[in-house]
Amino acid sequence: MIRAPIKNIQADWLNRQGSLVKHLQQLGAVTVHVADEYQGQANKSEANYLGINYLDATWNRVVILKVDDQELVIAHSIIKLNDSFGTWAAIRSLQSRPLAEILYQDTLITRSKFMQCKIDKTDDDAGDTAVLYALAFNINAYDPACLELCARYSIFYRTQAPLLLIECFLPEFWDKILKLQH
């Protein structure tokens, strides 16, 4: 459970520009664990963000970002399946390297403003945050009645092809930040 982190610390991290991995490296050694990569279908909100039809084929990559081997952030990237063979083909060969290697090396890539959300068990099981909630719950067996997660999401565009990125901050992330503040 999030232990009431200071709101301005949350706002700072949820709106922090640039590579999240680069910012996390200031906290310690960062590793990327690929939890899953799979072909899926866009749910309604993903389709809306990506400008595609509901149930269109997508390519999904779910990773856990660790700092000093502690799981702190879960990230889910979603693109149109066809773009995973074209505009965004490099995402398929990242393996355990961060997505930032693609996103911040190409000057043609632009990013939308950040949007924030809270994720909890009341979220629609078919929603775009359901994958993150389920993974977070499985990582540390949180009490589902108490677990509320802070997340941010944005859309990257490369030659008008969108990539939806959702980054979910686990409670341990805020604990670590608060300890470093004291």
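Tyr49 is partly exposed, with a relative accessible area of 21%. Buried would need a value under 20%. Tyr153 is at 12% relative accessibility, so Tyr153 counts as buried.

Before going on, a reminder. This is a predicted model. Mean pLDDT for the protein chain is 85. Of its residues, 81% reach 70 or more.

Back to the tyrosines. The structure holds six aromatic pairs. Tyr49 and Tyr153 make one of them, and this pair is tilted. The ring centres are 5.2 Å apart, with 55 degrees between the planes. Where do the two residues sit? Tyr49 is in helix 3, residues 44-50. Tyr153 is in strand 6, residues 148-158. That is 104 residues apart, and the pair links distant parts of the chain.

Strand 6 has a part in another pair. Phe156 belongs to strand 6. Tyr104 lies in the loop between helix 4, residues 100-103, and strand 4, residues 109-111. These two are 52 residues apart. Which is buried and which is partly exposed? Phe156 is buried, at 1% relative accessibility. Tyr104 is partly exposed, at 34%.

Now step back to the whole chain. It has six helices and seven strands. The order along the sequence is α-α-β-α-β-β-α-β-β-α-β-β-α. There are 182 residues, and 50% of them are buried. The accessible surface is about 9100 Å². Carbon and sulfur atoms hold 50% of that surface.

Helix 6 covers residues 171-181. How many of its 11 residues are buried? Eight are, so the helix is largely enclosed by the rest of the structure. The buried ones are Pro171, Glu172, Phe173, Trp174, Asp175, Lys176, Ile177 and Leu178. Phe173 and Trp174 join Trp13 and Phe169 in a cluster linked by ring pairs.

Helix 1 runs over residues 7-14, and Asp12 is in it. Asp12 is partly exposed, at 35% relative accessibility. Its side chain makes a polar contact of 2.2 Å with the side chain of Arg16.

Now Ser84. It lies in the loop between strand 3, residues 70-80, and helix 4. Buried or exposed? Ser84 is buried, with a relative accessible area of 1%. What does its side chain meet? A polar atom of that side chain lies 2.6 Å from the backbone oxygen of Leu81. The side chain of Ser84 also makes a polar contact of 3.0 Å with the side chain of Arg92. Leaving out residues up to four places away in sequence, Ser84 touches Trp59, Ile79, Ala89 and Arg92.

Two of those neighbours also meet each other. Arg92 lies over the face of Trp59, 3.7 Å from the ring centre. There is another charge over a ring in the model. The charged end of Lys44 sits over the ring of Tyr54, 5.4 Å from its centre.

On to a backbone detail. Most residues other than glycine have a negative phi. Thr159 has a positive one, near 45 degrees. Gln160 is positive too, at about 70 degrees, and is not a glycine either. Where are they? Thr159 is in the loop between strand 6 and strand 7, residues 161-169. Gln160 is in the loop between strand 6 and strand 7 as well. Thr159 counts as exposed, at 53% relative accessibility. Gln160 is exposed at 76%.

Over residues 1-5, pLDDT stays under 50. For that stretch, the model has 14 contacts beyond four places in sequence.

Notes. Residues numbered from 1 in each chain as written. Predicted model: local features only at pLDDT ≥ 70, side-chain atom pairs only at ≥ 80, totals over all residues. Heavy atoms only, no water. Helix = DSSP H or I, 4+ residues; strand = E, 2+ residues; numbered from the N terminus. Buried < 20%, exposed > 50% of the residue type's maximum accessible area, 1.4 Å probe, protein only. Areas by Shrake-Rupley, 256 points an atom, 1.4 Å probe, with all protein chains shown as cover. Phe/Tyr/Trp six-rings, centres within 6.5 Å; stacked < 30°, edge-to-face > 60°. Lys NZ or Arg CZ within 6 Å of the ring centre and 35° of its normal. Polar contact = N/O pair within 3.5 Å; in protein donor to acceptor, adjacent residues only side chain to side chain. Contact = heavy atoms within 4.5 Å. pLDDT = per-residue confidence, 0-100.
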